[in-house]
Amino acid sequence: MKTEQLYVFDSTLRDGEQQPRLSFRDDEKIAWCYRMEELGIFEVDLMPSIDEHERMLIKMLNDTRLRDKLGAATMVHRKYVDQAVEVNARVAYTFVHVSDKLMEARGKTREQNTLDIVDCVQYANDQGLIVDFCGGDGTRADMGYLGEVLAEIAPMIRFYQPCDTSGNM
């Protein structure tokens, strides 16, 4: 029987804090990261664009043995890639919505969205980051469009992570 490698990513410290009245203290975040390492979680997702304090915490964590277990959630824009570099991230989880509904709500065409994605992923590669692409609202994306985007960036990314955190089901 063939065995497959399973990679588990944890986004509690990013997505979990997006819930009303939920915020983790620094000591809780640090303990969470070490606990995830003990459990064998592949990587923990943190978000340097939240604020300067969060960037300082992530930079501090990236200066520990945890660096190989951390990644930076990075919106699709060069300024967010720069923030990932500033905190000494190893991995950038680039993300943007890929469903027509949410692209339209943000005033984006498929063509512009694709250009932004390709530019950001290439820029992150050029900065020496490992790049994953996370397609927000991915379960409602047109699979043809999503396939075109992934074909365009496949040589530049490590993984595609479908995500569905828009809460519009």
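Predicted model: local features only at pLDDT ≥ 70, side-chain atom pairs only at ≥ 80, totals over all residues.
Me: What makes the overall size of the protein chain agree with a compact globule?
Reply: The radius of gyration does. With 169 residues, a compact globule would have a value near 15 Å. The protein chain has 16 Å, so the two agree. The C-alpha atoms fill a box of roughly 45 × 40 × 35 Å along the principal axes.

Me: Which helices and strands build the protein chain, and in what pattern?
Reply: There are seven helices and six strands. Read along the sequence, they follow β-α-α-β-α-β-α-β-α-α-β-α-β.

Me: How do you know what share of contacts joins residues 24 or more positions apart?
Reply: Take the contacts in the protein chain with a separation of 6 or more. Residues 24 or more positions apart account for 72% of them.

Me: How much of the protein chain counts as buried, and what is its accessible surface?
Reply: Of the 169 residues, 42% count as buried. The accessible surface comes to about 9300 Å². Carbon and sulfur atoms hold 53% of that surface.

Me: Why is Q161 called buried?
Reply: The cut-off for buried is under 20% relative accessible area. Q161 has 17%, so Q161 counts as buried. Its place is in strand β6, residues 160–162.

Me: What does Q161 contact, leaving aside neighbours within four places in sequence?
Reply: Q161 is in contact with F9, Y93, D132, F133, C134 and G135. Two of these contacts, D132 and F133, sit among the residues of strand β5 (130–136).

Me: Why is D137 called buried?
Reply: Its relative accessibility is 1%. Buried means under 20%, so D137 falls in that class. D137 lies in the loop between β5 (130–136) and α7 (143–153).

Me: What makes the phi of D137 worth a remark?
Reply: The angle is near 60°. That is a positive value in a residue other than glycine.

Me: Where else is there a positive phi in a residue other than glycine?
Reply: N88 has one, with phi near 65°. N88 belongs to the loop between α4 (78–86) and β4 (91–97).

Me: What class does I30 fall in, and why?
Reply: I30 has 25% relative accessibility, so I30 counts as partly exposed. Its place is in helix α2.

Me: How do you know which residues I30 meets from elsewhere in the sequence?
Reply: Contact means heavy atoms within 4.5 Å. Not counting residues up to four places away in sequence, I30 touches L57, M60 and L61. I30 and L57 are 27 residues apart along the chain. Their C-alpha atoms are separated by 8.6 Å.

Me: How many cavities of 30 Å³ or more does a search find?
Reply: A search of the whole structure finds one. About 30 Å³ of space lies in the largest cavity.

Me: What lines the largest cavity, and which helix gives the most?
Reply: The lining is C33, M36, E37, I41, V44, L66, K69 and L70. Helix α2 (residues 26–39) gives the most, with three residues.

Me: What makes the lining of the largest cavity nonpolar or charged?
Reply: Six of its residues are nonpolar, none is polar and two are charged. Glu and Lys count as charged. The lining includes E37 and K69.

How values were computed: Residues numbered from 1 in each chain as written. Heavy atoms only, no water. 1 Å grid on protein atoms, 1.4 Å probe; cavity = no way out; pocket = protein on both sides within 12 Å on 5 of 7 lines; lining within 4 Å. Points joined across faces, edges and corners; volume = space filled by probe spheres on them. Helix = DSSP H or I, 4+ residues; strand = E, 2+ residues; numbered from the N terminus. Rg over C-alpha atoms; globule rule 2.2 N^0.38 Å. Buried < 20%, exposed > 50% of the residue type's maximum accessible area, 1.4 Å probe, protein only. Areas by Shrake-Rupley, 256 points an atom, 1.4 Å probe, with all protein chains shown as cover.
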